[in-house]
Amino acid sequence: TFSEPPTEPQLPSYEAGDLGESSADRVLDALRRKQPNEAIELASRLVAQLPFDPDSHMAMAEALLLGRRFAEALAHARRGVSLDPFNTAAWTILGIVLVKTQEYDEAKQILDLALDKAPGACRTHWVRAFANLTLGHLEQGFDDYEYGYIVGGRRMRSTMGRRWRGEPVKS
C-alpha cells in the first residue's frame with residue numbers, strides 16, 4: 001500500500017496590510033517614497049517573520065541605508081549574502097553598503113564578484129564605477145560609468161545626463 005504523497009511545505013504568510021499587499025511590497029513602497037522610518041519598521045517585521053530569508057535581510061539593509069544607519073545595514077547585507085551566496089542583487093547591496101562605509105577596496109572586490117555572475121547588472125556597474133573612481137582607478141571607473149550610462153540610459157525612459165566630468169571623485 002502507498003501512503004499519501006508528501007504535501008508542499010507551508011510557507012509563512014506574507015499578507016500584512018489591509019489591501020492584501022505583501023510585507024515585501026510595502027517595504028519597497030516605503031523605500032520608493034523615501035520614508036526610512038516606515039521602511040525600517042516594515043523591514044524589521046519582515047525579518048522577524050522570515051529570519052532565514054535573504055530577501056528580508058536585503059530589504060532591511062536597503063531600509064537602513066535610506067535611514068543612514070550604515071553599520072546595521074552592513075550586518076543585514078552580510079547576513080543576506082551568507083543566506084544566499086548566489087544572489088547577485090544581494091552582493092550589489094553589500095557593495096553599496098561598503099561604499100557608504102568608505103570600505104572601497106572591499107566594495108570593489110564584492111562588486112567584481114557580483115559582475116562575474118551578472119555582467120549586465122547596471123546598478124552594480126554604477127556602484128563599482130564610484131568605488132573605482134574613488135580609489136583612483138580611473139580607466140576601470142570610466143568603463144563602468146560608460147556602461148551604466150549607455151546601457152542603463154537605454155533602459156530608462158529619460159536620462160538625467162552625464163554627471164561625471166572625468167576627474168577623480170573626492171569623498
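The following legends describe close-up views of a predicted model.

**View 1. Packing of helix α6 against helix α7.** Helix α6 spans residues 104–117 and helix α7 spans residues 122–135. Their axes lie 9 Å apart and form an angle of about 145°. The crossing of α6 and α7 is left-handed.

**View 2. Residues at the contact of α6 with α7.** From α6, the contact comprises Y104, D105, K108, L111, D112, A114 and L115. These residues meet T124, H125, V127, R128, F130, A131, N132, T134 and L135 of α7. By class, the residues of this contact comprise eight nonpolar, four polar and four charged.

**View 3. The second largest pocket.** This pocket holds about 550 Å³ of space. Its lining consists of 18 residues, and those nearest the pocket centre are L65, F70, I96, K100 and V127. Two or more lining residues come from each of α1 (23–32), α3 (54–66), α5 (88–100) and α7. The lining contains 11 nonpolar, two polar and five charged residues. V127 is also one of the α7 residues that meet α6.

**View 4. Confidence across the protein.** The mean pLDDT is 77, with 75% of residues at 70 or more. Confidence is highest in helix α4 (residues 70–83), at a mean of 93, and lowest in helix α8 (residues 138–155), at 72.

**View 5. Segments with pLDDT below 50.** Residues 1–20 have pLDDT below 50, and this stretch has 14 contacts in the model beyond near neighbours in sequence. Over residues 155–161 the pLDDT likewise stays under 50, and the model has four contacts beyond four places in sequence for this segment. Where pLDDT is low, predicted coordinates should not be read in detail.

Terms used: Residues are numbered from 1 along each chain as its sequence is written. This is a predicted model: local features need pLDDT of at least 70, side-chain atom pairs count only at pLDDT 80 or more; totals for chains, interfaces and linings use all residues. Side-chain values use heavy atoms; hydrogens and water are left out. Axes are lines fitted to C-alpha atoms, for helices over the stretch in contact, and angles run from 0 to 180 degrees between N-to-C directions. Helices (H or I, at least four residues) and strands (E, at least two) are DSSP runs, numbered from the N terminus. A crossing is left-handed if the near helix is turned anticlockwise from the far one by less than a right angle, and right-handed if clockwise. Contact means heavy atoms within 4.5 Å. Ala, Val, Leu, Ile, Met, Phe, Trp, Tyr, Cys and Pro count as nonpolar, Asp, Glu, Lys and Arg as charged, and the others, Gly among them, as polar. On a 1 Å grid over the protein atoms alone, a cavity is a set of points where a 1.4 Å probe fits but cannot get out, and a pocket is an open set with protein on both sides within 12 Å along at least five of seven lines; lining residues have an atom within 4 Å of a point. Grid points are joined across faces, edges and corners, and a volume is the space filled by probe spheres set on the points. pLDDT is the predictor's confidence in each residue, from 0 to 100.
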